[in-house]
Amino acid sequence: MNKVWKWYWGLVLVVPLATFAVWAIWDNARLFFITLLNGLTLASLYFIVAAGFTLVFGLMRNVNLAHGSLYLLGGYIGYFVAEATGYFVVALAAGFLGAALAGLAMQVAIFRFMPGQDLRQTMVTIGLSIIIADLLIWGIGATVHQMSAPDWLGGPLRNLPVINAYSKYRMALLPLGIAIGVLLWLFLNRTRVGMMIRAGVDDRAMLAATGVNVNRVFAVTFAIGAGLAGFGGVIGAVELSMVPGEDVRLLLASLIVVIVGGMGSVVGAAVGATILGTAETYGLAYAPTYSVVFTFVILVLVLAFRPRGILGRPA
């Protein structure tokens, strides 16, 4: 019976999407494929930020609603470092490191003392996100900041089939997102530290009994998750912009990606980010009035029929 329902829902979803794709390519192939690339590159940014959220929220079960503020913090740090040094790679490292240190401080000072207390973590991190956002406005201002792409990624790629030209910078986000996803998966599944992280989530007391410093392992994990948010912030400072409010947008996107893809799954986060990114861009291109609705329809459908997410597993 389960297989029958899977086929049924597969047809219900695939047939309209395939019909739309055929019509859109026939009507304007260039617009369709440019929108596809825009969706995939936006998905890559969402995945990089949400990968950190997957570590902290999906895997460690720490409710950090200040994750978007760490994105904004890393983006601003990267912006000013790039202005001072002229090196984009140094800006990426600075954004990652600045957000990682902020995340480490949050884990040591806050989350260590309230394990499993979801409501307290939620309320405290909401307060932290407001404080960080207000401090950034006070120190930097509310004007829009946007970083220029590095010279070696500036300009368009030309002579591409159908679409003719596309931004080198945005195209580079695809292999970057894939590389980060592969490295993160290998870290969690093929290294001793990754195995300790997963063991500590399943049974913290048993891991501690083996002599492992669980607090240190979790602090390192939290720092990596926060650092990925800051790393994404530097990327977003070029692709999008740095302005108050972007932190809320990226936090909401990360939540949706983790919920749709499945808690604690890196591959699920990639799937969720791809769905969200393409839904947003196709919505803006073909039905701008209702583009936001598509995102929440996807969320409602997943929660209704796959409450654990597409690749989520029972705890």
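**The hairpin and beyond**

Author: Strand S1, residues 156-160, and strand S2, residues 164-167, run antiparallel and are joined by three bridges. Bear in mind that this is a predicted model. Pro 156 has its bridge partner in S2, namely Ser 167. Together S1 and S2 make a hairpin, with three residues between the strands. Have a look at Val 162 in that turn: its phi is positive, about 70°.

Now for the nonpolar packing. The largest nonpolar core has 53 residues, and Tyr 46, Phe 88, Met 147, Tyr 169 and Ile 235 are the ones with the most contacts inside it. Helix H1, which spans residues 2-59, gives this core its largest share, ten residues. Apart from that core lies another one, of eleven residues, including Met 106, Met 114, Phe 222 and Ala 226.

Last stop, Pro 307. You'll find Pro 307 in the segment after helix H11, which covers 291-305. Pro 307 counts as exposed because its relative accessibility is 59%, and the cut-off for exposed is over 50%. Val 260 is 47 residues from Pro 307 along the chain, yet the C-alpha atoms of the two are separated by 8.6 Å.

Methods: Residues are numbered from 1 along each chain as its sequence is written. This is a predicted model: local features need pLDDT of at least 70, side-chain atom pairs count only at pLDDT 80 or more; totals for chains, interfaces and linings use all residues. Side-chain values use heavy atoms; hydrogens and water are left out. A nonpolar core is a set of buried Ala, Val, Leu, Ile, Met, Phe, Trp, Tyr and Cys residues joined through side-chain atoms within 4.5 Å. Buried means under 20% relative accessible area, exposed over 50%, partly exposed in between (1.4 Å probe, protein chains only). Helices (H or I, at least four residues) and strands (E, at least two) are DSSP runs, numbered from the N terminus. Two strands pair if DSSP finds at least two bridges between them.
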